[in-house]
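Dear colleague,

Here is the structure I said I would pass on, and below it you will find my notes on how its elements are arranged. Please read them with the coordinates open.

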Amino acid sequence: MEEAAFNALADAELARIEAALESCGADIDIEPKPGGVLEIEFENGTKMIINRHTAAREIWVAAKSGGFHFRPDSGRWLATRDGAELYAMLSELVRQQSGVAVSLSAG
């Protein structure tokens, strides 16, 4: 995939992630940063960073519990490590860091 096509795909996904997080019900502050980065701060002071990594053609998530990489695959973003779906993983990571059970989805 060409760099420009990947960046457009990843930026659209980051916008969907931001919208899903804003409406999830957890007490979080989301700050978009230049270059395809979302910085999420939780009420307890912990942070999560979600960003596009153009060179690897992946979306990366850095959470309190570790780092995760996701690649586009047939319209979904799947973890390179275990095939977990991006939104299912984000739901779990937000729950771990916020203490609030959430169910995030792309739509």
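The 6 strands form an open sheet in the order β1-β2-β3-β4-β5-β6, with antiparallel pairing; strands here are DSSP runs of E of at least two residues, and helices are runs of H or I of at least four, both numbered from the N terminus, and two strands pair if DSSP finds at least two bridges between them. At the edges of the sheet stand β1 (28–33) and β6 (76–79), each of which pairs on one side only. Neighbouring strands are turned against each other by 20° on average, direction ignored.

Please bear in mind that this is a predicted model, in which local features need pLDDT of at least 70 and side-chain atom pairs count only at pLDDT 80 or more, while totals for chains, interfaces and linings use all residues. Residues are numbered from 1 along each chain as its sequence is written, and side-chain values use heavy atoms, with hydrogens and water left out.

Going through the pairings, β2 and β3 run antiparallel over 5 bridges, and glutamate 41 stands opposite lysine 47 in β3. These two strands form a hairpin with 4 residues between them, and glycine 45 in the turn has a positive phi of about 95°. The antiparallel pairing of β3 and β4 likewise extends over 5 bridges, and here the bridge partner of asparagine 51 is tryptophan 60 in β4. Strand β4 (residues 58–63) also pairs with strand β5 (residues 66–73), in the antiparallel sense and over 5 bridges, where tryptophan 60 has histidine 69 in β5 as its bridge partner.

Both helices pack on this sheet. Helix α1 touches β1, β2 (37–42), β3 (47–53), β4, β5 and β6, and its direction makes about 160° with that of β3; contact means heavy atoms within 4.5 Å, and angles, which run from 0 to 180 degrees, are taken between N-to-C directions of axes fitted to C-alpha atoms, for helices over the stretch in contact. Helix α2 touches β2, β3, β4, β5 and β6, and its direction makes about 155° with that of β3.

The helices also pack on each other: α1 (residues 3–22) and α2 (residues 86–98) meet at an angle of about 40°, with their axes 12 Å apart. That angle makes α1 oblique to α2, given that angles under 35 degrees count as roughly parallel, over 145 as roughly antiparallel, 65 to 115 as roughly perpendicular and the rest as oblique. In this contact, Glu13, Arg16, Ile17, Ala20 and Leu21 of α1 meet Leu86, Tyr87, Leu90 and Val94 of α2. By class, the contact has 7 nonpolar, no polar and 2 charged residues, where Ala, Val, Leu, Ile, Met, Phe, Trp, Tyr, Cys and Pro count as nonpolar, Asp, Glu, Lys and Arg as charged, and the others, Gly among them, as polar.

Serine 74, in the loop between β5 and β6, has a positive phi of about 55° although it is not a glycine, and at 74% relative accessibility serine 74 counts as exposed (buried means under 20% relative accessible area, exposed over 50%, partly exposed in between, with a 1.4 Å probe and protein chains only).
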